Amino acid sequence: MKFTSGLALFGALASAQVIIIPTGPVKGPNTLVFKEIGGVPNNECLTFTNNGNIVNAACANTHADRQVTPGKILGTDVLIVQRSFVSQFRPDLVGKTSCVAFNGTSFLADDCARKDILFARFDVGNGRIVSNGHFACLSGHDSKAQVLTDVNGLRCSQFTVTAVAPTRP
Ligand SMILES: *[C@@H]1O[C@H](CO)[C@@H](O)[C@H](O)[C@H]1NC(C)=O
């Protein structure tokens, strides 16, 4: 008799269970530094500038501006930027979590909470950084080691990753 009522109680609890799905970005377990295969020697690692653009610079793996953590927003893969931004350069990103975004022409850091832009993900299988829902990929660098974008996804660069301890932003 006790056993039966125990089951009934369990059933009532189970049906009342509420599943909470976080809407903000959820970081995965690994913080990474991305190194471009065939990049400019000694300037091969993706780096976020003060204005949120992405360049290739020296692989200073302990610097927050080199670090990115793959994660998810509502099940969609994103790349969460470790560094923070200041009001002088990116007032829209102060105190926000930034993700790598594709704005139609370039990849850059933007507010992970924005609903009107596409975010980027790391395609682990072929080492590429690509836009969700678009062909665009990072496609190497110019002579000044500024990263380039191929909006058609035909010439994607490939990256190796190094897992690092996240540095305080
Ligand atoms: C996209 O970002 C790049 C780099 O910050 C910028 O030069 C360009 O104007 C932006 N394009 C749009 C459509 O916002």
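How do the residues of the shell around the ligand divide into nonpolar, polar and charged?

## The ligand shell

The shell holds one nonpolar residue, five polar ones and no charged ones. In this grouping, Ala, Val, Leu, Ile, Met, Phe, Trp, Tyr, Cys and Pro count as nonpolar, Asp, Glu, Lys and Arg as charged, and the others, Gly among them, as polar. The residues surrounding the ligand are N53, N103, G104, T105, S106 and L108; a residue is near a molecule if its C-beta atom, placed from the backbone, lies within 6 Å of it.

## About the model

This is a predicted model, in which local features need pLDDT of at least 70 and side-chain atom pairs count only at pLDDT 80 or more, while totals for chains, interfaces and linings use all residues. Residues are numbered from 1 along each chain as its sequence is written.

The average pLDDT of the chain is 91, and 91% of the residues score at least 70; pLDDT is the predictor's confidence in each residue, from 0 to 100. Over residues 1-11 pLDDT stays under 50, and the model has zero contacts beyond four places in sequence for them. A contact here requires C-beta atoms, placed from the backbone, within 7 Å. Where pLDDT is low, the predicted coordinates should not be read in detail.

Let's turn to β7. Strands (E, at least two residues) are DSSP runs, numbered from the N terminus. Strand β7 covers residues 98-102, and five of its five residues are buried, each with 20 or more other C-beta atoms within 10 Å of its own, C-beta atoms being placed from the backbone. S98, V100 and F102 point one way from the strand, and C99 and A101 point the other way.

Two strands pair if DSSP finds at least two bridges between them. β7 pairs in the antiparallel sense with β6 (residues 76-81) over two bridges, and S98 is the bridge partner of V81. With β9 (residues 118-123), β7 again pairs in the antiparallel sense over two bridges; here A101 has F119 as its bridge partner.

β7 and β8 (residues 107-111) pair in the antiparallel sense over five bridges, with A109 as the bridge partner of V100. Their hairpin has four residues between the strands, and there G104 takes a positive phi near 105 degrees. G104 is also one of the residues surrounding the ligand.

## A loop residue: V124

V124 lies in the loop between β9 and β10 (128-131). Why does V124 count as exposed? V124 does so because it has 10 C-beta neighbours inside 10 Å, and the cut-off for exposed is 12 or fewer. The C-alpha atoms of V124 and T160 are separated by 9.4 Å, with the two residues 36 apart along the chain.

Conventions: Contact = placed C-beta atoms within 7 Å.
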